Amino acid sequence: MKSIEQLLAENPFFEGLDDETLTTIAGCAQNVHLREGETLFQADDLADQCFVLRTGRVALEIVDSGGHGMIVDTVQAGDLVGLAWLVPPYRWDLDARAVEPVNAVAFDAMCLRTKCDKDPRVGYLLMQRVAGTMHDRIRSARVRLLDVYGVPGGS
Amino acid sequence: MRDNTVEAPQTHTLLLEPSDGVALTFAPGQFTMLGRPGHAEIPISVSGAADHPELLEHTVRAVGDASAALIDARPGDVVLVRGPYGRGWEIADAEGGDVLIVAGGIGLAPLRPAILEVLAHRERYGRVTLVYGSRTPDQLIFQEELERWRGRFDVDVAVTVDSATPGWRGHVGLVTSLLPRDVDADSTMAFVCGPEIMMRLTADALVDAELPPGQVRVSMERNMKCGIGLCGHCQLRELFICVDGPVFGYQRVRSLLLGRGL
């Protein structure tokens, strides 16, 4: 059975991190398995965890007050699920649900924030990776906002 | 017209047989000028198999009067066809190497003849990957065929949509997020068709992954009228899309796709 450090080292999200840093953040991590349909978190809940997927796919959904949902993104192996754990008030603004069986590493958010505060080097290395995820999601949202596959005017 | 199949809302595939019995031979990626009598002609890429030119397929999305008239055609109706025109994908250039096909929206239609060509001669190519993006699940075209291709052991098929309702088990996000992470830059040829911003993002991501721009081909869409390089309607700086294209190596059109007001 692989250690958490090994699982982290194998995951593309943590590519390039040194052993010391991996050991530091592994102290906040645990290996988790989610069944298809299982919820990782729901909007308005306390953002006390984040997940890095090893296998499977997670849908990020926004549900309106009428209960109608829309999947706005999916996250796959090697990607981070959850950003709100980093910024106050630490509350989720969408739902995350496994659309197929998922293996993931779950992190205790407070533990991770505390370690980042204590060791800015670790914090910076981690934030570089989180910022990469944020950048990708913002760019993806902006391009999709253009509705490039929508019906253009024409003949 | 022999048949009219609904692919997605406002998007139909028209199956045409020549009234004079003479097959219209074409190369994958070429287009024809199509029109119903009494309506304008519009350029539409052929979407069927090049080795069955006796039945010509075009997949049309209704975005105006001429295209709406085409998708309203019924079996037995006359559709006027002129062509084929332009330079196609020249897919044989990829023989011996890997093939990556990236389509967005109705851009899968011009690529379908290339896909069928590759699958008909599967042994001539290495790894074959199709990445397809659409607005929503119900806008995906060639759905049955996509499922068949996905079921093959010798083709990797990845589909994504911009958004979906719960129940969709597939991917949601940009096509670029599904591009293979291990593209073999030495042997891969990529064929990309869709909205220009999607083609640019895709081609740039592939170039970032070390694929030479000359190994990425894109299909440009412009307001072709004559189809033979005379009228200038489709002129883009020094290029006439109808005769120099519509398929171009990315190195030739990259600066044009980056430009403003194109």
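## Cysteines and a helix pair

B:Cys193 is buried, its relative accessible area being 6%. Keep in mind that this is a predicted model.

Over in chain A, there's a bond to look at. The count over all chains comes to 1 disulfide, and the link runs from A:Cys28 to A:Cys111, with an S to S distance of 2.0 Å. It's a left-handed link, with -70° about the S-S bond of A:Cys28 and A:Cys111. What does the pair tie together? A:Cys28 sits in the loop between helix H2 (19–26) and strand S1 (29–34) of chain A, while A:Cys111 belongs to helix H3 (residues 109–118) of chain A, so the bond connects parts that are 83 residues apart in sequence.

A:Cys116, on the other hand, is in no disulfide: the nearest cysteine sulfur is that of A:Cys28, 8.1 Å away. Disulfides need sulfur atoms within 2.5 Å.

Here is how the cysteines sit:

| Cysteine | Relative accessible area | Class |
|---|---|---|
| A:Cys28 | 6% | buried |
| A:Cys111 | 22% | partly exposed |
| A:Cys116 | 13% | buried |
| B:Cys193 | 6% | buried |

Now for the helices of chain B. The axes of H2 (residues 108–120) and H3 (residues 143–151) of chain B come within 13 Å, crossing at roughly 35°, and the crossing of H2(B) and H3(B) is left-handed. Which residues make the contact? From H2(B) come B:Leu108, B:Arg112, B:Ile115, B:Leu116 and B:Leu119, and from H3(B) come B:Glu145, B:Leu146 and B:Trp149. Sorted by class, the contact of H2(B) with H3(B) has 6 nonpolar and 2 charged residues, with no polar ones.

Conventions
Residues numbered from 1 in each chain as written. Chains lettered and ligands numbered in written order. Predicted model: local features only at pLDDT ≥ 70, side-chain atom pairs only at ≥ 80, totals over all residues. Heavy atoms only, no water. Axes fitted to C-alpha atoms, helices over the stretch in contact; angles between N-to-C directions. Helix = DSSP H or I, 4+ residues; strand = E, 2+ residues; numbered from the N terminus. Left-handed = near helix turned anticlockwise from the far one by under 90°. Contact = heavy atoms within 4.5 Å. Nonpolar A, V, L, I, M, F, W, Y, C, P; charged D, E, K, R; others polar. Buried < 20%, exposed > 50% of the residue type's maximum accessible area, 1.4 Å probe, protein only.
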